[in-house]
Every structure is written in C-alpha cells, then in structure tokens.
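Here is a briefing on one protein chain. Please look over the sequence and the model before reading the points below.

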Amino acid sequence: MKDKDNLSPETATSPDGDAGGETEAVSQAGRKGRAKAAGVAGTRRKTARAATGSRKAAGTAGSGKRAASGTGRKTRAAQSDEPEELSPRVAGIVAHLRDGEPLDPMTSLATPDDAAPPPDGQTAAAPAADPAEPGRRSGRGGAARVIELRPPAGAARVRRRHRGVILSFVLVVILPLILAMSYLFLVAQDEYASTVGFTVRREQGSTSSTELLGGLAQFAGSSGSSESDILYEYIQSQEIVSVIDERIGLGNLYAVHWPGDPLMSLWPNPTIEDLHWFWKRMVRISYDQSTRLIELRVLAFSAEDAQRIATEIVAASQNRINDLNNQSRSDVMRYATEDLETALARLKAAREALSRFRTRTQIVDPSADIQGRMGVLNNLQQQLAQALIDNDIVLGTTQQNDPRREQAARRIQVIRDRIADERKTFSSDVETNIAGENYPALIAEFESLTVDLQFAEETYRASLAAVDVARANASRQTLYLAPYITPTLPQTAEFPQRIMLSGLIGLFLLLAWSIGALIYYSVRDRN
C-alpha cells in the first residue's frame, strides 16, 4: 500500500496504467453485479479524460522529457518529478484505479474545461501521438471519444482442418504423382518411332473431270485426289490391322513386355477389336488436305519392329492403290462394253426398220423414186408445151371444121390431166397404189428411219472408239503410291515422353485438388 500511495499521478494515469485499471475495474464490476456494470462504461470515459489531464500535468512539472517514443518514457519522466495537487475529479479516478473505490457519477463527468490550465509563462506540452487510440480526441466542442479496440489476434496455430488439407494434398497430388513418375521412369519400356511419308500420284495425261476445273474444284466441293482420302481412312481401319497381323503377327510384337509393363503394352492373344484399339495408339497419322501428303509415325518396342511395321503399311497401301486401279479398269471396260452392246442393238433395230419399210412400200430408195417422179412430171411439162405450140400451128393453118384442131386440143387436155395427177401424188392425202398409203407419209417415215439409222451408226462408231481407249488405258497403271520418306530406322527411344507426362499428371492432379479444396471451404463457410 505504501508503494501505491507514493505513485505519482503521471505514473498512475499512464497509458499502461490506464489499460491495467480498466481491466481491474471491469473484473470488479463483474463480481459486484449488474448495478456496477453501468458505472464501468462511465469509468472508461473518465479514465481517458484523466489520462489527458495527467499528460498535461506531466508537461507543467518541467521534467524536460517529452513523451515522443511511447508510454514507458512518459512514466519514467513522471516518476522523477515531484507530485502536484490534483483536481477532485482526477484524484477520484486515481483512487478508483489504485484502491478500487467507486466513482462519484457527478465527479466523473469531466469536460475539457475542467483540466487545470498551465502556469503563466509556460506552454502545455502537446501529448504524444498514441497509436493505440486513433480518433479518441474527436467530436464537436473538443469532447473526448472512447473507441473500444478488439484484443490483438493470437499466434496462428495448426488446427484439424489444416492437417486435413495437408493430408489431402499428399494423398491426392504428391502420392499419385510419385507413383506415376515411378512407373514412367522405372517400369515403362522404351518405344522407338519410325517415320514414313507418301502421297498418291496420278499418271501424266490421265485427266479427270475434277482436274479440268483446277482450283474451282475446291469451291465446288470436290477434290482431285480422292484416293488420298481413301488411303487415309484405310490406314486407320481394322482391315489393314488384320492384313498386317496375318503377315508379321502384331499381337506378339505388342505383347512382348506383358505383364511387366501392363499400361504401355498389349495383353496376349488379343481380339481384332483390341488390336485395332492398340493400333490407333501405336500408329500416329498426319494428313495435309491441301498438299495431299500423308505422314506416319509408327511406334514399337524395338527399332527393327518399328521399321518393319512401317514397311508393311507402305506395302498394304500400295496394294490398296493397285486394287483401286484394277477396279477402275474393270469399271471402265465394263461401261465401254455395255455402251458398245447398246449401240449395236440400236443400229440393228434401225436397219431392220428400214428393211421392213422397203419391203412394204417396194421402194428401195425414196429419193431415187422422187427423182424419177419429178422426171416424169418434167417430161409432161415439155410435152404440154410442144402440144400447145402444135395447136397454135393447127389453128393458124386449118379451117374451123378441121379434125386436126380437135385432136390437138384433146391432146393438150390429156397432158394437163396427167400433170395434175402426178402433182397430187406429192401433195394430197389421196392414197396411191403403193401399199395403200399416200406418198408424203411414206417420205416422212423414210426420213425418220434414215435419221435413226445415222444416229445408231454414229453411236456405234463412238462406242467402238471408247472400247479401244478403255482397253489401252487398262494396259497401264494410272494411280501409284509415291513415298517421299522411306521407313526410317530409329536409333534413340523417343517415347514415352516421361518428363512431359509427369508434368501433365502433376498439373491435372493439382487442379483437381485445388477444385476440391475450394469446394470444401465454400461449403464450410456457407454452413
């Protein structure tokens, strides 16, 4: 108690003392009940105002030390000076902080005007800026405002959820990545890659309809090298897998490391579907549709096997091109032969129709018959002219009742009637004595038969020429496979790409774990 009585007002009201007093006052108010709880809040306001007054008193004591670096320096400067008389309000606050005595409600209402003014000739020292109480001196009229600060956060501790996150990272990312890398670097067998490239060429001089279009064929939706597209699909088909498997035994080559390398090799005695699935994994094809170039990268567990498989692929592709050639030849010859047979049948029918017409009409050549009839008509015209001349002579040399006049006139009339009858056979519909038909209809039918015969003859000649051309084209190969990269023999195992695969596996595992962790914390924060 003696030490407490000798405490100077500056020491009792220092910022550190204020914090200790507030804590002790709050604990005593809790023990004394709800009645004292209201006085505690007022006590905090009085404590802040008392601290302001004690800092002013410390400045007037002339200690010579300014409070610029914290509460400890202020307290040591205050203890080295003589205590001064305090106002009743400040003395009551000090007694409350020191002995726990209750505060007078009337005394605790301190205002800035109650603070003791500094002596004459001295200037009150400005209190040092306290970083722990920002904004306390605010408000209108200079009234002090107390802001409660939360206690500082304690030291971070590893909790159960943190251990769970670390454990999940190890189980989801670290452990699978270690297992994958161990398999890739210790178990997975080396794979060699053989490269081969080729394209489909057409014989110079054999021009298709699409090639005549040139660059317009691309806009028309057609291509001049559809055989390359066929070959591209054939290399990826099950048929080529079956053909090569019969020649070299692909199943045995791909299952050589089973079961030592179960993920990178094929199991023994696979079905054709299993072999086709593994074929797509071991044979990687690249096709450029603009240049029609096909490039293959064939993988195998040995360099010789890789080159052997690539060579078999080229041979199978060449056989496929030859099959396309043979099919094209057979199609061309078949179509040409069919066209020739059709043209021959048409020619026979046209000649038979003309023969039946000649038999029915008894006219071998209507053109010659027409010329004969026209000759008769011309002769009658000449006879009519001569009869008219003779009639004029008779009329000029004989008398009225001379019988020669009657004969001349009769002869002229007969010739005219004959000319009229001959003309009717050309233009009228009166039936003639030729098969009971009129002559214009016979001429029209003959012309139709003549045109059919000429067309049949021309078609037959064109069909014969087409057969000759097809036979000549069938004797040579129009399509052939042109390799621009022969199957290579690798010297270094390039696959599997262990570093790249390890990086990709780690990346995907990390992404999966991050997404799971984010989902967990989102659900936890929501709950």
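A residue counts as buried under 20% relative accessible area, as exposed over 50%, and as partly exposed in between. Arginine 202 has 22% relative accessibility, so it counts as partly exposed. The model is predicted.

**Salt bridges**

- The whole structure holds 13 salt bridges.
- One of them joins arginine 202 to glutamate 227, with the closest N and O atoms 2.9 Å apart.
- This pair links distant parts of the chain, 25 residues apart. Arginine 202 sits in strand S1 (residues 192-202), and glutamate 227 sits in helix H10 (residues 226-235).
- Glutamate 227 has 13% relative accessibility, so it counts as buried.
- Arginine 334 pairs with aspartate 331, and their closest N and O atoms are 3.0 Å apart.
- Both arginine 334 and aspartate 331 belong to helix H14, three residues apart, or about one turn of the helix.
- Arginine 334 is partly exposed at 36% relative accessibility. Aspartate 331 is also partly exposed, at 21%.
- Glutamate 458 forms a salt bridge with arginine 461, again with the closest N and O atoms 3.0 Å apart.
- Glutamate 458 and arginine 461 are separated by about one helical turn because they lie three residues apart in helix H17 (residues 439-474).
- Arginine 461 has a relative accessible area of 46%, so it is partly exposed.

**Nonpolar cores**

- The largest nonpolar core has 37 residues. Those touching the most other members are Phe198, Leu250, Tyr254, Trp279, Leu296, Ile309 and Ile313.
- Helix H14 (residues 303-361) gives this core its largest share, eight residues.
- Leucine 250 touches Val241, Ile244, Asp245, Leu275, Trp279 and Ile309, leaving aside residues up to four places away in sequence.

**Helix H13 and its cover**

- Helix H13 spans residues 272-282. Its buried residues include Leu275, His276, Phe278, Trp279 and Met282.
- Which elements cover these buried residues? Among them are H10, helix H11 (238-248), helix H12 (250-254) and H14. Strand S2 (283-288) and strand S3 (293-300) also contribute.
- Two of the buried H13 residues, Leu275 and Trp279, are contacts of leucine 250.

**Surface patch and annotated spans**

- Leu167, Leu171, Val172, Leu175 and Leu179 make a nonpolar surface patch of about 450 Å².
- Leucine 171 is part of helix H7 (residues 160-187).
- Is leucine 171 buried or partly exposed? At 49% relative accessibility, leucine 171 counts as partly exposed.
- An unreviewed UniProt entry lists residues 165-186 and 499-521 under "transmembrane region".
- Residues 165-186 are 100% helix and 0% strand, with the end C-alpha atoms 30 Å apart.
- Residues 499-521 are likewise 100% helix and 0% strand. The end C-alpha atoms of that span lie 33 Å apart.

Key
Residues are numbered from 1 along each chain as its sequence is written. This is a predicted model: local features need pLDDT of at least 70, side-chain atom pairs count only at pLDDT 80 or more; totals for chains, interfaces and linings use all residues. Side-chain values use heavy atoms; hydrogens and water are left out. Patches are made of residues with over 30% relative accessible area and no salt bridge: like charges are joined within 9 Å, nonpolar side chains (Val, Leu, Ile, Met, Phe, Trp, Tyr) within 5 Å. Accessible areas come from the Shrake-Rupley method with a 1.4 Å probe; for residues, only the protein chains shown count as cover. A salt bridge is a side-chain nitrogen of Lys or Arg within 4 Å of a carboxyl oxygen of Asp or Glu. Helices (H or I, at least four residues) and strands (E, at least two) are DSSP runs, numbered from the N terminus. Buried means under 20% relative accessible area, exposed over 50%, partly exposed in between (1.4 Å probe, protein chains only). A nonpolar core is a set of buried Ala, Val, Leu, Ile, Met, Phe, Trp, Tyr and Cys residues joined through side-chain atoms within 4.5 Å. Contact means heavy atoms within 4.5 Å. UniProt positions are given in the numbering used here, feature names are shortened, and annotations may be inferred rather than shown by experiment.
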